Amino acid sequence: MHTLEAVRALVTVETVTSLTPIENADFIAVAKVRGWSLVVKKDEVAVGDAVVYFEIDSHLPLSDPRFAFLEPRGAKTFNGVHGHVLKSARMRGTYSQGLAIPASLFPELDTLADGEDLATVLGVTKYEKPIPAEISGKVSGEFPTQFAPRTGAERVQNLTDVFADLREAYDWLATEKIDGESTTFVNDGGVLRVAGREWEFSAPASPAEATVPWKIAAEYNILDRLPVGYTVQGELYGAGVLAKNTLKEAGKKFLAFNVLRDGVFVPRSEWPAAIEEIGTPVLDLELPATVEEALDQVEGMKSVLNPAVMAEGIVWHNTAGARVPELQGRTGMKAINNKWLVKHS
């Protein structure tokens with residue numbers, strides 16, 4: 001049931017498909033890699049060159065001399081490794097997202113076995129912001145994938161080769177992307193189970209010991225809303241949930257974005273009414289024709305929840321609830337607001 005689920009490929013070998021000059025910039029240009037734009041030195045890469053591409057959120061070990069030049073831009077210790085986190089940036093009015101280094105500087109490629117993960121070989125990991133103790137809770141085990149896959153949606157920039165086909169093959173529903181902590185609630189035979197992004201959390205011994213996910217479950221009466229055999233996944237957000245409360249929410253809230261029945265995704269049109277009441281905002285939008293148009297659509301967009309601030313972006317869900325191989329076995333893809341990224345990275 002869950003064989004389609006895949007881990008995000010942070011590091012891949014790609015080809016530079018275009019190189020665009022930047023006005024009044026003699027030494028840098030904009031390179032295109034898949035659907036991503038990034039600023040590079042003009043003399044380092046050319047159209048058609050093979051490069052090793054590192055996606056944003058990659059934590060690069062600064063002990064590797066190939067990454068040492070990044071240290072002046074910022075260093076962060078993560079899981080005991082001193083490194084640099086790649087973030088979205090804007091340079092000379094141009095977005096730069098990721099890092100491309102000539103493939104010739106990576107002899108590891110010559111001995112890489114089929115299916116071997118280049119990020120693992122290079123010691124690159126996905127940086128995760130620390131989770132406050134009141135959110136995480138005590139771990140009882142790994143994420144319960146028998147009920148649902150781990151949450152996640154592929155970025156449209158990684159889908160340039162299949163975007164048009166996906167648009168044609170499915171009908172799509174737009175919802176606001178909520179900046180929060182992914183949380184999963186399961187009604188397992190009348191017993192509530194709670195998980196974060198990677199782990200399942202132990203039930204508290206008493207209400208006084210409950211962490212935020214369990215408190216939210218009680219406040220929202222999740223077990224009453226959720227029929228037996230159903231799972232709901234969504235975002236916890238608000239004050240104290242993340243270091244940056246980007247939606248400026250005074251309290252802590254939960255909004256649902258996925259519902260599953262016996263491990264199978266349920267189309268939003270068939271969600272239980274009590275879950276639909278707490279669903280992420282549906283947007284009256286059509287999926288654009290291209291990746292570039294999808295990114296333009298979310299550029300600077302305002303949040304439905306708080307129009308005074310920017311939304312993180314849009315998650316596009318196929319209305320049939322089909323698990324799509326090109327989307328790592330998930331039902332949706334996301335277009336992130338680049339202005340939001342630069343402001344909150």
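The questions and answers below concern confidence, the sheet, the cores and the aromatic rings.

User: What average pLDDT does the protein have?

Analyst: This is a predicted model. A score of at least 70 is reached by 96% of the residues. The average pLDDT of the protein is 91.

User: In the open sheet of 7 strands, which are the edge strands?

Analyst: The sheet has antiparallel pairing and the order β13-β18-β17-β16-β19-β20-β21. An edge strand pairs on one side only. The edge strands are β13 (139-142) and β21 (264-265).

User: Which element gives the most residues to the largest nonpolar core?

Analyst: The core has 24 residues, of which F185, I222, V232, F254 and I275 touch the most other members. Two or more residues come from each of β17 (191-195), α4 (212-219), β19 (230-238) and β20 (252-261). With 4 residues, the element that gives the most is α4.

User: How many residues are in the other core, which includes V156 and V298?

Analyst: This core lies apart from the largest one, and F163 and L327 are also among its members. In soluble globular proteins, nonpolar side chains tend to be buried together. The number of residues in this other core is 20.

User: Why is the pair of F54 and F67 edge-to-face?

Analyst: The pair links distant parts of the chain, with F54 in strand β5 (residues 50-54) and F67 in the loop between β6 (58-61) and β7 (76-78). The ring centres are 5.3 Å apart. Planes over 60 degrees apart count as edge-to-face, so the deciding value is the angle of 85°.

User: Is Y170 buried or partly exposed?

Analyst: Y170 forms an edge-to-face aromatic pair with W172, at 5.9 Å centre to centre and 75° between the planes. W172 has 13% relative accessibility and therefore counts as buried. Because its relative accessibility is 24%, Y170 counts as partly exposed.

Terms used: Residues are numbered from 1 along each chain as its sequence is written. This is a predicted model: local features need pLDDT of at least 70, side-chain atom pairs count only at pLDDT 80 or more; totals for chains, interfaces and linings use all residues. Side-chain values use heavy atoms; hydrogens and water are left out. Two strands pair if DSSP finds at least two bridges between them. A nonpolar core is a set of buried Ala, Val, Leu, Ile, Met, Phe, Trp, Tyr and Cys residues joined through side-chain atoms within 4.5 Å. Buried means under 20% relative accessible area, exposed over 50%, partly exposed in between (1.4 Å probe, protein chains only). pLDDT is the predictor's confidence in each residue, from 0 to 100. Rings of Phe, Tyr and Trp (its six-membered ring) pair if their centres lie within 6.5 Å; planes under 30 degrees apart count as stacked, over 60 as edge-to-face and the rest as tilted.
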